[in-house]
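Here are my notes on the model, as numbered points.

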Amino acid sequence: MTYLLNDASAFAQEAVLGFAAANPQYVTAVHGGVVRSTETPAGQPALVIGGGSGHYPAFAGWVGPGMGHGAPCGNIFSSPSASQVYSVARNAENGGGVIMGFGNYAGDVLHFGAAAEKLRAEGVDVRIIRVSDDVASNTQENHRDRRGIAGDLPVFKIAGAAIEAGAGLDEAERIAWKANDATRSFGVAFDGCTLPGAEEPLFHVPAATMGVGLGIHGEPGIRDIPMGTAQEVADLLFEGLMEEAPAGRSGRVAVLLNGLGRVKYEELFVVYHRVAERLSEAGLTAVAPEVGEFVTSLDMAGLSLTLVFLDEELEQHWTAAVDTPAYRRGDLRSLDAHAERVPRKEFYTPGEEQVPEASSESQTAAASVQGLLERFAEVCATHETELGRLDAVAGDGDHGQGMVLGTRGAVEAGLKALERGAGARTLLVHAGTAWAESAGGTSGALWGSALTAASRALSDTSAPEEDDGVRALHNAVEAVQRLGGAQPGDKTMIDAAVPFARALQDRFQAGEGFSAALESAAAVATEAAASTSELKARLGRSRVLGEKSLGTPDPGATSFALLMTALAEHLGSLTR
């Protein structure tokens, strides 16, 4: 239970501010999270690690020399928004690019991905590491599609040590993935956690049982079995992990026994006594084992065991020194460069970033883009109820509202950028950021990324040509597909977007002008969106409906077709 709070909705933010105030030698609070209180050395990759709040010491507690450079912190068990991730990354990055690390959850994938799109549009090299250590969440063959739990710590620890030792972006990314692929975790829960301000836990485990395969966002286990002794729990976890022990292993493993909030240290030590016996029986040597609370789930009663099957390279970085508020190890004198680093004095604040100088031609194009955004907002307002009705078939019916909020936010941000003299490229970037922030959710992240990706085809120094428009729309659709992971036939926005992009490209290459090709492609998108009524959903919330999803068009595909039709009409009005 959470006894001390002011406002449940502000709990996560106040916790971050209090954490930063308590650790000023390590971190400084910025919009969306924390960054190191010292500047990232010029040219060093910035390791930005984060996710929802409620998991302390993950993730803010791991910011410091030898580990993270910054941590975006979302609400309780919720991904930080793309704007929060971008803000932390902008403050942490100093010419060496960014590695974004997070647990493999849908919201994190979308919002970290959307922030990465914006950074890439600004010329920053970004790599993404999705930790996927939970053996209960998918098969061994689909290891990288599993969710991330306590394996976050060794993966980020190893990546941070590699960066501290001088690894560049490519090398640090390689080592981080290598660590992820060598890491396995398995957990059990005895009772659920309670959100701040809530009267009841998110779930209960039946008396005298335990839930096997818990998640760290309050998810119950995948099955319930009779409650075991400490030794039986240790055996269950150890044997579950050893089923995936790699052939030809070195015999040396990093070990993490992690308490989830309510199982305390003495209990964990009783369990670890048996784990140590099982390691010895299996001929395994525990290298710098850790027992304690590392990735919690508020006050969940449960624990997890993590093994990292080490080789020489991984062991070197696992045992290297680290100095963060919540995690310290090794000879900190080896991090003496930390003492020489310059205190952080300049901070990025959303809305205050410089607007690059733009040519009059690009400013004129930006005004046209702003007019398009305003048209988008009108269309979404007109169709809000219908889009909500379609979305209600799959879940909470908020798609119409989200599209209205997103387009309004984009219009407001675009207007401010215009007033500051922005060109077409910059205006789209600002609008994309605002769309994602204002709408939230899946559609907000995807449309924000689409606008940001489209901006890469435009310029602040010249007027766009027709082929720039084709490339911009191709980039937008590609970003949506890359981030969302959907394929045609999954009953998502992609079922309208991919045929649209293909038709646009084909018509334009066949010699049609951009406006005519766009009009034809919009008609294709409209027809494709309508035909999604014949599909069974295979992705997203509506996938659980099976046959019940038949007969209703997908709301995301429908809104995409509406906006592409509006785009064609807007461009046609300018060329007539």
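1. The crossing of helices H2 and H3 is right-handed. The model is a predicted one. H2 spans residues 82-92, and its axis comes within 8 Å of the H3 axis. The two axes cross at roughly 50°. That angle makes H2 oblique to H3.

2. Which residues of H2 and H3 meet? From H2 they are Ala82, Val85, Tyr86, Ala89 and Arg90. H3 supplies His111, Phe112, Ala114, Ala115, Lys118 and Leu119. Sorted by class, this contact has eight nonpolar residues, one polar and two charged.

3. H3 (residues 106-121) also pairs with H14 (residues 441-455), their axes coming within 9 Å. Here the crossing angle is roughly 15°. It falls under 35 degrees, so H3 counts as roughly parallel to H14. H3 passes H14 in a left-handed crossing.

4. On the H3 side, the residues meeting H14 are Leu110, His111, Gly113, Ala114, Glu117, Lys118 and Ala121. On the H14 side they are Gly441, Thr442, Ala445, Leu446, Ser449, Thr452, Ala453 and Ser455. The class count for this contact is six nonpolar, seven polar and two charged residues.

5. Next, a histidine. His570 sits in helix H18, which covers residues 555-575. Is His570 buried or exposed? Its relative accessibility is 15%, so His570 counts as buried; the cut-off for buried is under 20%.

6. What does the side chain of His570 reach? It reaches the backbone oxygen of Ser368, at 3.1 Å. Leaving out residues up to four places away in sequence, His570 touches Ser368, Gly371 and Leu372. Ser368 therefore figures both in the 3.1 Å pair and among the residues touched, with contact meaning heavy atoms within 4.5 Å.

7. Last, an alanine. Ala189 belongs to strand E8 (residues 183-191). Its relative accessibility is 0%, so Ala189 counts as buried.

8. Which residues does Ala189 touch, not counting those up to four places away in sequence? They are Phe203, Val205, Met210, Gly211, Leu214, Met300, Ala301 and Gly302. As for Ser81, it lies 108 residues from Ala189 along the chain. The C-alpha atoms of Ala189 and Ser81 are separated by 29 Å.

Methods
Residues numbered from 1 in each chain as written. Predicted model: local features only at pLDDT ≥ 70, side-chain atom pairs only at ≥ 80, totals over all residues. Heavy atoms only, no water. Axes fitted to C-alpha atoms, helices over the stretch in contact; angles between N-to-C directions. Helix = DSSP H or I, 4+ residues; strand = E, 2+ residues; numbered from the N terminus. Parallel < 35°, antiparallel > 145°, perpendicular 65-115°, else oblique. Left-handed = near helix turned anticlockwise from the far one by under 90°. Nonpolar A, V, L, I, M, F, W, Y, C, P; charged D, E, K, R; others polar. Buried < 20%, exposed > 50% of the residue type's maximum accessible area, 1.4 Å probe, protein only. Polar contact = N/O pair within 3.5 Å; in protein donor to acceptor, adjacent residues only side chain to side chain.
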